[in-house]
Amino acid sequence: MAVAERYDQIAENHGEVDRVVSTYRSLVETPSFLRALGPVQGSSVLDFGCGTGAYTRLLRRRGAHPVVGVDISPGMVEAARRIEERQPLGLRYEVHDMADMPVLGAFDTVVAVAVLHYARDRRMLDRMMLRSRENLAPGGRLLAYVGNPRLPSGTAQMNGFVIDMPEHPVDGDSCPVTIPTVPPTVLPARYWSCEAVEDSLRGAGFSQVRWEPVEGIPPGAGEPINLLISARVPA
């Protein structure tokens, strides 16, 4: 099943998925993201893979404007738009595939939370990085959560996710992720090494590529689910 179709299904039950990820998100993912992001008051942000708009809304509430959310799933975008109708923040949501989307503007920041690891092959990963750069102003920054290639296969992580990874994975290998919803939700993720992600960013024209700290994991809880990387467009 394609990523868009899978997320259309998840959109119908996004409340259950949000329940599963809420603890890890509040303890680890969001605080680490905001520390790395820094102040966004008055800056423009494009949220790639926005889903139902959790980070899109968070960024707007922290003073970013304009903020545009983009997702490949029409169902997710529709769910985000319904939330915007109930709780208006002046957000715009559009349906686009990150690998093939047009230039929507020259944004100060592009964020991509848990979306790059859906690239089916290196060519697609490179296109996703290039589209990110094309939507950034000179000096603009990309901040992205990517799948942690060091996670053990078949073991439930802190948020209950189970990663099904080959014994000796290579870049682009299928690496499905199971979320313990009822029924279980399986995401068609792919394995990408840290080196491949860095190389793809630099190939797209980014500089100052660095891995940001992921903090807040309780002792003994293992590795973070995702790693946080940032890069800039040369000024």
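The protein has six helices and 10 strands, where helices (H or I, at least four residues) and strands (E, at least two) are DSSP runs numbered from the N terminus. In this predicted model, local features need pLDDT of at least 70 and side-chain atom pairs count only at pLDDT 80 or more, whereas totals for chains, interfaces and linings use all residues. Residues are numbered from 1 along each chain as its sequence is written, and side-chain values use heavy atoms, with hydrogens and water left out.

**Overall form**

- Along the principal axes, the C-alpha atoms fill a box of roughly 45 × 40 × 35 Å.
- Buried residues (under 20% relative accessible area, with a 1.4 Å probe and protein chains only) account for 51% of the 235 residues.
- Of the contacts (heavy atoms within 4.5 Å) between residues at least 6 apart in sequence, 66% join residues at least 24 apart.

**Packing of α5 and α6**

- The axes of helix α5 (residues 122–134) and helix α6 (residues 194–203) come within 9 Å and cross at roughly 50°; axes are lines fitted to C-alpha atoms over the stretch in contact, and angles run from 0 to 180 degrees between N-to-C directions.
- The two helices are therefore oblique to each other, given that angles under 35 degrees count as roughly parallel, over 145 as roughly antiparallel, 65 to 115 as roughly perpendicular and the rest as oblique.
- On the α5 side the contact is made by R122, L125, D126 and M129, and on the α6 side by A196, V197, D199, S200 and L201.
- By class, this contact has five nonpolar, one polar and three charged residues; Ala, Val, Leu, Ile, Met, Phe, Trp, Tyr, Cys and Pro count as nonpolar, Asp, Glu, Lys and Arg as charged, and the others, Gly among them, as polar.

- T30 is found in helix α2 (residues 14–37) and is buried, with a relative accessible area of 15%.
- Not counting residues up to four places away in sequence, T30 touches R25, Y55 and L58.
- In helix α3 (residues 54–61), Y55, T56, R57 and L59 are buried.
- G63 follows α3 and has a positive phi, near 105°.

**N135**

- N135 lies in the loop between α5 and β5 (136–147) and counts as buried at 0% relative accessibility.
- Leaving out residues up to four places away in sequence, N135 touches residues including L46, F48, M101 and V110.

Methods:
Buried means under 20% relative accessible area, exposed over 50%, partly exposed in between (1.4 Å probe, protein chains only).
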